Amino acid sequence: MTVLLEAEGLTKTFGSFKAVTSMSFAIQESHCVALLGPNGAGKTTTIRMLAGLLAPTNGRIGFQGVREGGSHCERIGYLPQSPSFYNWMTGYEYTVYAGRLCGLATSEAKAAATKLLERVGLANAAGKKIGSYSGGMKQRLGLAQALIHRPKLLIMDEPVSALDPVGRRDVLSLLRELKQETTVLFSTHVLHDAEALCDDVIIIREGQIALQGGIAAIQDENRKPVIELTVDSDAHSQAWLAGMKARMRREGEASTSSPDSLAALIKHIEISANHARLQVSEVHAARQMLLEELASEKIGLLDMKVGHSSLEDLFMKVVSE
Ligand SMILES: Nc1ncnc2c1ncn2[C@@H]1O[C@H](COP(=O)(O)OP(=O)(O)OP(=O)(O)O)[C@@H](O)[C@H]1O
Ligand SMILES: [Mg+2]
């Protein structure tokens, strides 16, 4: 594996506010990497630093083939969170203009624009004014603009967040193709988009990396058995569910193992009304004890499912802790 970009101790403060604190990560060549985090986590700030638009307060960014202190900006294609276009230009004129700004000769820019507009599915709309484009078309135009100088790394800030479902689907499928051709880093607050496209994920929260690594490895490492339980919605049953949380807490606080071994098997519990989701350490024993208790407490069981936690659970846990 070859490292294309490496960030070390990347930090950005605005006044006394730390938007990004000491982030270190590497982007491997040909990988697709998602920078995943909730609103305000520091995604745009990080991306703007990587794209060379914002000077880090601290830390360094290294890029393959660029000497220390040199600029890697021309090797990056960047699509901002809310790109603004000149609506009076046509898609073709805008793409040529972007190519000229990147230093391409006019003939080169024209040839590249024609090819790229075709590539992003805008060949038929190339001669139309950008003002008439849909959100999805504008985003695809943004991609053509970002790729015009054949960058080594394509960086996109929430490329599908502002789109309707059709636009999302179109742009996601285009990204699926583009990631075969170039290294990609994009930010999102939607786990599903990261799972659908990426090899690696960097999960950030309050400006810090909460978790990073290959998606498949993270999924494997964090697969925990889960039992989902729906009981009758009468007061007795709901009180029993709520009581389980208290028992689990007591068990956690106890210094020695207590005789209440069901509570000891429960590692995490979420309850809403008559439904509970239990993360357990040992699924067979926990299921058995649950069934025994339901019978002895005379609680009606409406549904019980045994499965595994998903990356979604992990993401929610990481960002809400
Ligand atoms: N120029 C600035 N001055 C002061 N604070 C800023 C500035 N830019 C960003 N911030 C703050 O830094 C934090 C991170 O912002 P950032 O835009 O990087 O988050 P984000 O993860 O991209 O969020 P979103 O999902 O809403 O796009 C936020 O609390 C934001 O208010
Ligand atoms: Mg942002």
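Predicted model: local features only at pLDDT ≥ 70, side-chain atom pairs only at ≥ 80, totals over all residues.
Thr44 is partly exposed, with a relative accessible area of 27%; buried means under 20%, exposed over 50% and partly exposed in between (1.4 Å probe, protein chains only). Residues are numbered from 1 along each chain as its sequence is written, chains are lettered from A and ligands numbered from 1 in the order in which they are written, and side-chain values use heavy atoms, with hydrogens and water left out.

- Helices (H or I, at least four residues) and strands (E, at least two) are DSSP runs, numbered from the N terminus.
- Gln81 is partly exposed, at 37% relative accessibility.

**Aromatic residues and surface patch**

- Rings of Phe, Tyr and Trp (its six-membered ring) pair if their centres lie within 6.5 Å; planes under 30 degrees apart count as stacked, over 60 as edge-to-face and the rest as tilted.
- The count by this rule is four aromatic pairs, one of which is the tilted pair of Tyr86 and Trp88, with 5.6 Å centre to centre and 35 degrees between the planes.
- Tyr94 and Tyr97 also form a tilted pair, with ring centres 6.2 Å apart and planes at 50 degrees.
- About one helical turn separates Tyr94 and Tyr97, because they are three residues apart in helix 2.
- Tyr94 is buried at 10% relative accessible area, whereas Tyr97 is partly exposed at 31%.
- Ring pairs join Phe85, Tyr86, Trp88, Tyr94 and Tyr97 into a cluster.
- Tyr86, Trp88, Tyr97 and Leu101 make a nonpolar surface patch of about 470 Å².
- Patches consist of residues with over 30% relative accessible area and no salt bridge, like charges being joined within 9 Å and nonpolar side chains (Val, Leu, Ile, Met, Phe, Trp, Tyr) within 5 Å.

**Salt bridges**

- A salt bridge is a side-chain nitrogen of Lys or Arg within 4 Å of a carboxyl oxygen of Asp or Glu, and the count by this rule is 10.
- Arg119 and Glu177 form a salt bridge, their closest N and O atoms being 3.0 Å apart.
- Arg119 is in helix 3 (residues 106-119) and Glu177 in helix 5 (residues 165-178), so this pair ties together parts that are 58 residues apart in sequence.
- Asp193 forms a salt bridge with Arg168, with 2.8 Å between the closest N and O atoms.
- Asp193 is buried at 1% relative accessibility, while Arg168 is partly exposed at 22%.
- Asp170 and Arg169 meet in a salt bridge (3.5 Å, N to O).
- Salt bridges with shared partners join Arg119, Glu177 and Glu181 into one network.

How values were computed
Areas by Shrake-Rupley, 256 points an atom, 1.4 Å probe, with all protein chains shown as cover.
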